[in-house]
Every structure is written in structure tokens, then in C-alpha cells.
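Biologist: Before we discuss the assignments, please show me the sequence and the structure.

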Amino acid sequence: MRPIKIITDSCSDLGKELREQYDIDYARMNTVYNDKETPASLDFEYYSPKELYDLMRSGERVKTTQVPPAEFERIFTEYTDKGYDIVYIACSSKQSGSIHTAEIVAKDLMEKCDASIFCIDSLNACMGEGALAIRAAEYRDQGLSAEEVYSKTMADRKKINEFVTVHSLDALKASGRVSGSSAFFGNLLGVKPIIIADKNGVQTPIKKVKGRKNSIAELVNLLADVITDAENQRVYIAHADALEEAEEMKKLVEERIHPKEVYIGYIGPIIGASIGPEALGIWAFGKEVTFEG
């Protein structure tokens, strides 16, 4: 059986430690500022998280691109040339067109080599996408074939539960990540929206909570209601330059949910440019997501 490489993209927000631990690579998207495109590095090689989020705090807009075809050709070929099959975990198709580009590039490459390339719409982004990539890597490490990894990972997509809060939906609205009719959720004095990835992978505000601390506590409460087998899994927390609050959330998770592990990481350049500074989110596997926005 051929070895398998798990590949994701810049929307997965997997830190270097997790990527190395699970042998995961990623395809680079780009950020665009002042007409200059810069690879969206999950290790913040070209600017620090503070530099990115301070730019947005000053009112500047940072735009993003999906994964270019040439980048998929580069990363897929790198591993097919080494004899790997590939399972690519993509950002939700409701948030990025990268999955469609990947499918086109993969089809073309498979006509030229013996490798299999499977592309999965994760229905998620940020650590939800990253968690699914890690789950795929775990299946690979159990000795499953690429097709089996693909099938089992596809079945897990709707078991990822996401709960995110932001100071305002302005950045999400500007980037087209939420519908305009939802924008009022983030613009009422002191009211913080709670956002989920619905069953179709659409970022959807589901409720509003008065005050930042209350919204953080509500994220933990919502996850506690849906998480399954908590003692045997990792809970993921990601933040947009709000480490102190992420640490507070970690304590609440440990007290309320008692998971095996809690991981804290940055919201990377692509998701960060779309969601804005001080965003805070939490992810874990649990009950199937059935809500449709």
C-alpha cells in the first residue's frame, strides 16, 4: 500500500507543532494588502499576529485569495513524485473556492501518475478544518488506505462543533462570510454574537450574548452540551491576538468539560483577515451538526 500524505490549507490554522506531530502539510493561500500578495503562512513568517491584527484595528482591510492552481500543482506533485497518495482537507466550499481548484488539479495529475488524490470539503474552517485533518492523519496512522481515510473523514465532517465570538461582524460581512442581514448581531452596544459552522459549512450567527465575558462562558457551555467522549479528545481554542482571554477559556473548559487536552493556537492570516481582531473560538468533535442557517 502506498504511503499517505495529509494536506490541508492556510485556513486550517494548524500550528507547526501539530503539523509536525501528525505529519501534515498545507497549501498556501495569500493575503493581499496594498496590492501586494504574501503567502499566508501559518507560522506568520512574513508578519507577526500583532502586526496583522493591529493593521485591522487601525481600520485597514486585508484581503485574501484562495489557493492558486500553481500552489496545488506544487504541493501535490511534491508528494506524488515521492510515491504518496494524498488526502486533501479543504476549507468549507461556502467560504473558499479552493476545494474546486484542488479537484481540477488533482484530476489532471492523476491522469499522469499512479497516485490517488482525494479532496474533502471539510464544511469547516480554522481549527475545525485543522481538527478534521488531524483526525484523517490518525486514520492514516491506523494503517487505513487513502480511500478508507477519505470515507471515514467524510463521515466525520458534521461531527465538528464550532462556537466563535467576535467583537463585530463587520470583517465577516466585508469578506462575504456572513449574510448582510446578520450584520446587526455585532453592532449592538455590548452585544457579542455567537457564530457556528452550520450543517452546510456556512458561518451562521445563532444568538447574541451581553458582554465579552458572558460570551466566552457561553461558548464553553454550548460546547459542553454537544461534545462526546470528552475525556478522550482534544478541545481546540483559537484566538485573533487575544491570548489572555483564550487562557481564561481554557480554564473554563478544564473545569466544565474535563477533556483529555486543550490546545490553544492563533487564528491564522486568512481566517484572521476575514474575522477580525479579538475573535475567539472553540472546537471539538461531538453530536452531529444539524442546524441550517
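Predicted model: local features only at pLDDT ≥ 70, side-chain atom pairs only at ≥ 80, totals over all residues.

Biologist: What makes A246, M249 and V253 the buried residues of α9?

Modeller: Buried means under 20% relative accessible area, and A246, M249 and V253 are the residues of α9 that are classed as buried.

Biologist: Why are the buried residues of α9 said to line one face of the helix?

Modeller: Viewed down the axis of α9, they fall within an arc of 60 degrees, so they line one face. In general, an α-helix has 3.6 residues a turn, so residues three or four places apart point the same way. On the other side of α9, E244, K251 and E255 are exposed.

Biologist: What covers the buried residues of α9?

Modeller: The cover includes α8 (212-226), β11 (234-239), β12 (261-266) and β13 (280-285). Just after α9, H258 takes a positive phi of about 60 degrees.

Biologist: Which residues touch the most other members of the largest nonpolar core?

Modeller: Of its 66 residues, these are I6, F76, V87, Y88, M127 and I267. Helix α5 (residues 126-141) gives the most to this core, with 9 residues.

Biologist: What does F76 touch, not counting residues up to four places away in sequence?

Modeller: F76 touches I7, I86, Y88, A102, V105, A106, L109 and I117. A second, separate core of 23 residues includes L219, I227, I237 and V253; V253 is also one of the buried residues of α9.

Notes. Residues numbered from 1 in each chain as written. Heavy atoms only, no water. Buried < 20%, exposed > 50% of the residue type's maximum accessible area, 1.4 Å probe, protein only. Helix = DSSP H or I, 4+ residues; strand = E, 2+ residues; numbered from the N terminus. Arc of directions from axis to C-beta. Contact = heavy atoms within 4.5 Å. Core = buried A, V, L, I, M, F, W, Y, C linked by side-chain atoms within 4.5 Å.
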